[in-house]
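This report covers a metal site, the nonpolar cores and the confidence of one model. The structure is shown first.

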Amino acid sequence: MAVDSPAAPPPLPPWLEAPRDRLVARGRAGRLPHGLLIRGASGVGKSLLSVSLVQSLLCERASDRDPPCGACNSCRSLIGGVHSEVWMLEPEEPGKAIVIDAVRDATEFLSLSGSGSLRVVRVRPADSLTLHAANALLKTLEEPPGGALLILEAAQPARLPATIRSRCEDVEVPTPPLEQVHDWLRPLAADEAAVEEAYAAALGRPMAARDLLTEPERMAGWEQDREVLQQILSADAVTPLAATMQRSLPETLLPRLQALLLSAQRLLATGELDTFGRRFPRPELEAFTRRHGARGLATLAGRANTWQRQLSTSLNPALRMEDIALAFLPKGGR
Ligand SMILES: [Zn+2]
């Protein structure tokens, strides 16, 4: 469907501008390698960098240092999420692995001659490739068809085989300074306190903080998770806690539970509250740390890591939440 005034490309966070400009300049000069490994912490903006690079290279109007126009057919296709020269190599479902069949489809796409001089495969998250899938991809990285660009995005590049890593140029997205993230988020929030809360709730991931500030259902999810964590701090009966927990999503609640336990451990060790801990009343956190003690907190942190790992298994969610709630019941039960 034709759109008369398509959205301009969203402004890039300042920490992504320099890496983007460097890559675009080389790409326009035809000096990019066939494989790029964009690595950086979760939520730092690897995808945004990748999209911005691809859009700049495929834009029909931009030249030299121009940003992509956001209006040509190519830009519109990319903004719409579909472009005939770009292939997304992703897991079938979030959190699952990228399997070998998906790699075969992507390499077949690369081998077909396109209309332009550039064909892109974005692999995200690249660290979810199975070993077989990674080996299949390696063949393409070793002998890429002309005009092929493979962009691998990974928060944990160490999980990729060394052979894959050595075939790609390393592009690191550094974690930006707190102040820069705050300045970038500030126009999206009512006040400075809201920025701090979103960044804490997003566990220090800038893109997740932006989503919290712009998507009401994510903010509602945080408020729900915070209610659960607040109940955990004052837990005196397992039944209401388990019931409240059922309304939370394990994949957002568990990382936040881990953050709360870390805040409690820091409070015990240093007497200081970190930004995440400051989302909760200090007296309640202090009582919680006293109740469990250093050893109890370490045990709970270990169990929380196990629960986190179990996220990918098909454990019954109700049972899982009950198991978690039970762990916070004061010793001796009621
Ligand atoms: Zn364009």
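In this predicted model, cysteine 59 has a relative accessibility of 8% and therefore counts as buried, the cut-off being under 20%. Cysteine 72 is also buried, with a relative accessible area of 2%. Both residues belong to a metal site: the zinc ion is coordinated by the SG atoms of Cys59, Cys69, Cys72 and Cys75, at 2.3 to 2.4 Å. Cysteine 59 lies in the loop between α2 (46-58) and α3 (73-79), and cysteine 72 in the loop between α2 and α3, so the pair ties together parts that are 13 residues apart in sequence.

Along the chain the donors of the zinc ion are spaced as C-x9-C-x2-C-x2-C. What is the arrangement of the four donor atoms around the zinc ion? The angles they subtend run from 103 to 118 degrees, which makes the arrangement tetrahedral. For four tetrahedral donors the ideal angle is 109.5 degrees.

**Nonpolar cores**

The largest nonpolar core has 68 residues, and those with the most contacts inside it are Ile232, Met245, Leu257, Phe288 and Phe328. Helix α12 (residues 250-270) supplies the largest share of this core, eight residues. Because domain 1 (14-172) and domain 2 (215-327) both give residues to this core, it lies between them. Apart from this core lies another one, of 24 residues, among them Val121, Ala133, Leu152 and Leu160.

**Threonine 244 and methionine 245**

Threonine 244 is located in helix α11 (residues 238-245). Is threonine 244 buried or exposed? Its relative accessibility is 5%, so threonine 244 counts as buried.

**Confidence**

The mean pLDDT of the protein is 89, and 92% of its residues reach 70 or more. Over residues 1-9 pLDDT stays under 50. For residues 1-9 the model has twelve contacts beyond four places in sequence.

Note on methods
Residues are numbered from 1 along each chain as its sequence is written. This is a predicted model: local features need pLDDT of at least 70, side-chain atom pairs count only at pLDDT 80 or more; totals for chains, interfaces and linings use all residues. Side-chain values use heavy atoms; hydrogens and water are left out. pLDDT is the predictor's confidence in each residue, from 0 to 100. Contact means heavy atoms within 4.5 Å. Donors are N, O and S atoms within 2.8 Å of the metal (3.2 Å for Na, K and Ca); water is not among the atoms, so sites may look incomplete. Four donors count as tetrahedral if all angles lie between 85 and 135 degrees; four count as square planar and six as octahedral if opposite donors are over 155 degrees apart and all others between 65 and 115; anything else is irregular. Helices (H or I, at least four residues) and strands (E, at least two) are DSSP runs, numbered from the N terminus. Buried means under 20% relative accessible area, exposed over 50%, partly exposed in between (1.4 Å probe, protein chains only). A nonpolar core is a set of buried Ala, Val, Leu, Ile, Met, Phe, Trp, Tyr and Cys residues joined through side-chain atoms within 4.5 Å. Domain bounds come from an automatic or database domain assignment.
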